[in-house]
Amino acid sequence: MKYDIIVVGSGPGGYVAAIRASQLGRKVALVERAEAGGVCLNWGCIPTKALLKSAQVYTYCKSAAHYGLDLTGEVKPDLEKIVARSRGVAETMSKGVAFLLGKNNIDLIPGFGRLTAPGKLDVDGTEYEADHIVLATGARPREMAFMPIDGERVISSRQALTLAKLPETMIVVGSGAIGSEFAWFYAALGVKVTVVEYMPRMMPLEDEEVSKTMERAFRKLRAAVLTSTTVKSVRVNAEGRCEVEIEGKKGAETLTADIVLSAVGIKSNIENIGLEELGVAVERDKVVVDQFYRTNVPGVYAIGDIVGGPALAHVASAEGICCVEAICGLNPAPVDYSTIPSCVFTSPEVASVGMTEQQAQERGIAYKTGRFPFTASGKATAAGDRDGFVKLLFGEDDTLLGAHMVGMNVTEMIAEPTLARMLGATGHQIARTIHAHPTMNEGVMEAAEAALGAAIHL
């Protein structure tokens, strides 16, 4: 069968690209070997957030007395029910994507897609043709030779979503978004968690002040955080316990735990999809593309985790839209990677966009900062969540360079600084934008006022 556009992979990049192409009047097919919605909806972003919500509710129940509530009896987490709820949420969202595909007259083709020639795709033995083929095959957890994953004692994020019971102890290797979120989830449910991070600080891609704040938050949760620490090997002993050889600030030592979670990054799904046969250029595990996601082979495109750039669902979606709009002749603006928000859904949450202070210093960019602590926020105080702050960086021309937040609901708040950065808004404009009171979002206005030397509540 012949299509205008075939998209391979139905994650947030693929299904969004397919729907946008259909909206633009193209005949579209979407190839998916597993569930509609890809890893994000089924085994990543969505089910993880469902788990985290359960842990947050459990945390609130334990501190009910703080809110003037008397709960009779002991509140205990039931991991089986927590996981079942998470899987139900994922299934609901996957069905929602399948509904959207049908609504937009997109043919969903089950199976594994592989390029065989320009404009041709084999799906489990059946050949399809298209003028344009968009690869959106995503990524999987990276496995390291010194830490082989067996799926039972040494696990990836996939197994961490569906453990049958809570372990007593867990070691999480890696403190990026995935590692930090799972570490917080299990620690909040009472597991003794140790986070091991190779870099000098936790959440190493975030602003240094954010990292330090989150290290304190994890230690408050009685989770150990070992930074500047290398994992040498992981093995399972005769008793079924994991032995982790590390080398850190105290020298070499061996840690033991019931479970080791490997959260050391992801690997692009580019094997066996026909890239070599067609001569599609690949560098360092990533497909090489231009600003409109065209590969060096005419008619073949790539988006999402298999190309360079942040491996985030919302980035893949933006790339998918840009790609198909370019295919359809709309001449879209290229994706601006300097305005990509990043979120970590721990408690407190972490959100950021743009430059960190360290990046501004390394590039020799003059800047001024405005900071507002949530201890001064009426909404945060009323909610009983006063941890964290908003920090804004402004350049010499007063435009926003970066925003860095720690606190309750900051993953919802980051949209305002992201829009401000995209529009080139100034600190004065942000400070003079009237924000509703009492809200957490007032912290953005207050931080801008602080940068201008006009803070009212500090």
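**Figure 1. Cysteines in the predicted model.** In this predicted model, C61 is partly exposed, because its relative accessibility is 28%. C323 has a relative accessibility of 0% and therefore counts as buried. A disulfide is a covalent bond between the sulfur atoms of two cysteines. For C323, the closest cysteine sulfur belongs to C322 and lies 7.4 Å away, which is too far for a bond. The number of disulfides counted is 0.

**Figure 2. The largest nonpolar core.** This core has 39 residues, and the members that touch the most others are M170, F185, Y186, V193, M214 and F218. Elements that each supply at least two residues include the helices α3 (45-62), α4 (79-103), α6 (177-188) and α7 (208-220). The strands β9 (169-173), β10 (192-196) and β15 (259-262) also each supply at least two. Helix α6 gives the most, with 7 residues. Another core, of 29 residues, lies apart from this one and has V7, V97, L101 and Y301 among its members.

**Figure 3. Surroundings of F218.** Which residues does F218 contact, leaving aside its neighbours within four places in sequence? They are S180, A183, W184, V195, M202, A223, V225 and T346.

**Figure 4. Helix α6.** The helix has 12 residues, and its first and last C-alpha atoms are 16 Å apart, close to the 16 Å expected at 1.5 Å a residue. Of these 12 residues, 10 are buried, so α6 is mostly covered. Among the buried residues are G179, E181, F182 and W184. After α6 comes G190, which has a positive phi near 105°.

Figure 5. Side chains of opposite charge can pair when their charged atoms come close. E209 pairs with R371 in a salt bridge whose closest N and O atoms are 2.6 Å apart. This pair links distant parts of the chain, since E209 is in helix α7 and R371 in strand β22 (residues 367-373), 162 residues apart. E209 is partly exposed at 24%, and R371 is partly exposed at 35%. R219 and E215 form another salt bridge, with the closest N and O atoms 3.5 Å apart. Both R219 and E215 lie in α7, 4 residues apart, about one turn of the helix. R219 is partly exposed at 43%, whereas E215 is buried at 11%.

**Figure 6. Further salt bridges.** D398 forms a salt bridge with K368, with the closest N and O atoms 3.7 Å apart. D398 lies in the loop between β23 (389-395) and β24 (400-407) and K368 in strand β22, so the pair ties together parts 30 residues apart in sequence. D398 is buried, while K368 is partly exposed. R140, R142, K267, E271 and D285 are linked in a network of salt bridges.

How values were computed
Residues numbered from 1 in each chain as written. Predicted model: local features only at pLDDT ≥ 70, side-chain atom pairs only at ≥ 80, totals over all residues. Heavy atoms only, no water. Core = buried A, V, L, I, M, F, W, Y, C linked by side-chain atoms within 4.5 Å. Buried < 20%, exposed > 50% of the residue type's maximum accessible area, 1.4 Å probe, protein only. Contact = heavy atoms within 4.5 Å. Expected span 1.5 Å × (residues − 1). Disulfide = S-S within 2.5 Å. Salt bridge = Lys/Arg side-chain N within 4 Å of Asp/Glu carboxyl O.
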